[in-house]
Amino acid sequence: MKIFHNTLHAEHAGRQEMFRGRLVDCHEVPDRLRFVLDELQRRPVGPLLTPDAALEVDAAMARVHAPDYLAFLASAWHDWVALDPSNAERDALPSVWPLASRHAFRTDAPPHNFAARLGQYAFDSGTPLMAGSWAAAQAGLDGERFAMALTRPPGHHAGPDYMGGYCFINNAAVAAQALRDGGVQRVAVLDVDYHHGNGTQTCFYERSDVLTVSLHGDPRTEYPFFLGHADERGHGAGEGFNLNLPLPRGTGFDVWWATLQTALQAVADFAPQALVVPLGLDTFEGDPISGFKLRSADYLQLGRALAQLGLPTVLTFEGGYAVADVGVNTVNVLEGLKG
Ligand code: SP5
Ligand code: ZN
């Protein structure tokens, strides 16, 4: 198994996120990946490689994300500092949004003001953007191989033209698109992060060539709140090619495992030629911002179950904020996968 390491990931190290009226320390920190790398030293499951900035990946990224959004990200740090030189000391967080109510704002006359543009392209104020974010988000991509991509920042909340949930570039969607562009007819995405993979769902919602399945905390109480319900089944040509399996906060391994079987069956029924797994470890019982109760040994089982699908599989690194345990839990999945 090839493990792709984004050596630039630590360039993205947000300081604070907005939570219930105050700024709190970021949960999505560089140490998360440091713990995974440390565990991979102890239990090597495969060679650690640094991906090239591959042309195919750039092409797939341009097919997943809107050109204006990518241009926004590429110049965001420059524009933020240009707004006020003292911004160089601060992360960029949005504070004004074009609310998408039926009675609300225009989106056909985009503002020039950077603070407004940040709100246009971000759906929360928990996703700090800083000097190295663009470089770090770009370099984490590799969708071409049977592999684990140690992607930081994570990606599954990022949509075609928006960031949020600590995510900027949807690495799993880029991987799925790169597989499609490489000639794979049908790709399944099985998202096992605690939070609904709203970005990935949205990228493929009207398509029948990429099945999206997500097992997650019920959006009635859990982030990202505004998507992830069981009645979202796809639209147009994509009707029937999205499956959401929301579970209540507090769900333990037995129920989660039974629900995973439903997800695996849906993947098998689709008969894909490749699988992409946005791997979030925030289903862990010790996770500080999530509510499932999986234990470390359960991740070995998850890896084995994924392997039993018998498919070429690309995993991306998503959530998981019990920093000291995220390494063991990640490598447990990979060990289970290897068999
Ligand atoms: C990739 C991923 O897992 N993104 C999750 C984004 C969740 N963002 C909102 C979390 C708010 C929780 N803040 C709790 C602070 C308690 N001190
Ligand atoms: Zn998550």
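Biologist: Hi! By class, what lines the second largest pocket?
Modeller: In this predicted model, that lining has 14 nonpolar, four polar and two charged residues.

Biologist: Which residues lie nearest its centre?
Modeller: Pro 98, Leu 99, Ala 100, Gly 119 and Gln 120, out of the 20 residues that line the second largest pocket. The space in there is about 680 Å³.

Biologist: And what volume does the largest pocket have?
Modeller: About 930 Å³. It has 35 lining residues, and the closest to the centre are Phe 19, Asp 124, Tyr 223, Pro 224 and Phe 225.

Biologist: How does that lining divide by class?
Modeller: Into 16 nonpolar, 10 polar and nine charged residues. Strand S2 gives the most, with three residues.

Biologist: Switching to the metal: which residues are the protein donors of the zinc ion (ligand 2)?
Modeller: Asp 193, His 195 and Asp 282.

Biologist: Where do Asp 193 and Asp 282 sit in the chain?
Modeller: They are 89 residues apart. Asp 193 is in the loop between strand S6 and helix H7, and Asp 282 is in the loop between strand S9 and helix H9.

Biologist: Are those two buried or exposed?
Modeller: Asp 193 is buried, with a relative accessible area of 1%, and Asp 282 is buried at 0%.

Biologist: Last topic, the largest nonpolar core: which residues touch the most other members?
Modeller: Of its 45 residues, Leu 190, Trp 256, Leu 260, Leu 279, Leu 302 and Leu 306 do. Helix H8 supplies the largest share of this core, seven residues.

Notes
Residues numbered from 1 in each chain as written. Chains lettered and ligands numbered in written order. Predicted model: local features only at pLDDT ≥ 70, side-chain atom pairs only at ≥ 80, totals over all residues. Heavy atoms only, no water. Donors = N, O, S within 2.8 Å, 3.2 Å for Na, K, Ca; no water. Helix = DSSP H or I, 4+ residues; strand = E, 2+ residues; numbered from the N terminus. Buried < 20%, exposed > 50% of the residue type's maximum accessible area, 1.4 Å probe, protein only. Core = buried A, V, L, I, M, F, W, Y, C linked by side-chain atoms within 4.5 Å. 1 Å grid on protein atoms, 1.4 Å probe; cavity = no way out; pocket = protein on both sides within 12 Å on 5 of 7 lines; lining within 4 Å. Points joined across faces, edges and corners; volume = space filled by probe spheres on them. Nonpolar A, V, L, I, M, F, W, Y, C, P; charged D, E, K, R; others polar.
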